Amino acid sequence: MDGQDRVVTIIGRNLWETGNDAGGEMSPPPPPPPPRVVICVGDVHGYISKLESLWANLQSALPPDAFATALVVFLGDYCDRGPSTREVIDFLLALPSRHPAQRHAFLCGNHDLAFAAFVGALPPPPDGTPFSSTWGEYIQNEENEGWYRGPGHEGMHCQGRRWGGIMKEKRNPKRGSSYMGSIYDARPTFESYGVAHGSPDLVKAVPEEHKKFLRELVWIHEEENVPIDTNEGQIICKLIAVHAGLERSIDLNEQFRILRTKDTKISKVAMLSGRQDVWNIPKDLAGKQTIVVSGHHGKLHIDGLRFVIDEGGGYADRPIAAIVFPSKELIRSTEGTSSQNRSRYHQE
């Protein structure tokens, strides 16, 4: 190479600039690729037909390239209430081979944690604490909630015992319906694997690949550089996805430790099962351009960068919803519902 030809490196690519310093011209760099679309899918709760409908509607609503390369974050609660938990997990397990250019993150919901606990798929506490140590905080509820007392209960996390139990009260006043077996409405999950509610045979009936899926669910997904459209233009945010939300009274670093390490010695993880205490973005994250997205709450709620995407709530007549970033477009299942399949959220 002589003194008049040189290599210019721009954004990791080598471009040739030819000519002398006065007259040489450089080719403009190529435009940056569009940001990867991020899709967050609300609670499925055993409704395979709704999940298939939502997936088809997402595929129809998005440009082919955007859908093919999307990051899809499932917000947890794949089991219970609906009739087809087994088929839902089969569907989720097949996604990486069906859509190899996508990325998939599967969050753990409170129902999934309890299901995993019952079938022996819950990771042990990092410090070796026995699961029986989780009983004490809620032992006063054991009788009314009819905790599971069959084979294997001695070494089971309290949420597994609650999940496989039988409620003494038959009516759930919060949902306006009857309990389906346990306080978690777990009977349809047992039946989807061909066994009766509360049967220890479920441990053998659940395939090993399903147990592996439950064991590997993450409690938090963190994604940098996620664009989101606002009234002031597009901004770049960090996205934090956690099933219920971040607790307002627990130190944020401690919450991240619990979630990242999946600390199963905790009897009831607020970030997976809380209600009002996890509704808002913690003050420590206010003003830091951080999206916090969750399911769990049985409703659709959007306030600034706080997104609760659980329109279905496990009810048979409600759709499963997903939100798409950066556009904030809502896509819904349309099987068995009268809902529109898409809408765009606008911040007031």
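Biologist: Which helices and strand each supply at least two residues of the lining of the second largest pocket?

Modeller: In this predicted model, local features need pLDDT of at least 70 and side-chain atom pairs count only at pLDDT 80 or more, while totals for chains, interfaces and linings use all residues. Residues are numbered from 1 along each chain as its sequence is written, and side-chain values use heavy atoms, with hydrogens and water left out. A pocket is, on a 1 Å grid over the protein atoms alone, an open set of points where a 1.4 Å probe fits, with protein on both sides within 12 Å along at least five of seven lines, and lining residues have an atom within 4 Å of a point. With helices (H or I, at least four residues) and strands (E, at least two) taken as DSSP runs numbered from the N terminus, the suppliers are helix H3 (85-98), strand S5 (103-106) and helix H9 (208-216).

Biologist: Which element gives the most to the lining of the second largest pocket?

Modeller: The residues lining this pocket include Glu209, Lys212, Phe213 and Glu216. The element that gives the most, with 4 residues, is H9.

Biologist: How many residues line the largest pocket?

Modeller: Among the elements that each supply at least two lining residues there is helix H4 (110-118), and H4 gives the most, with 3 residues. Arg81, Asn110, Lys174, Arg275 and His296 lie nearest the centre of the largest pocket, and the residues that line this pocket number 31.

Biologist: With which residues is Phe74 in contact, leaving aside its neighbours within four places in sequence?

Modeller: Contact means heavy atoms within 4.5 Å. On that basis the partners of Phe74 are Val41, Leu51, Trp55, Leu92, Leu95, Ala105, Phe106 and Leu107.
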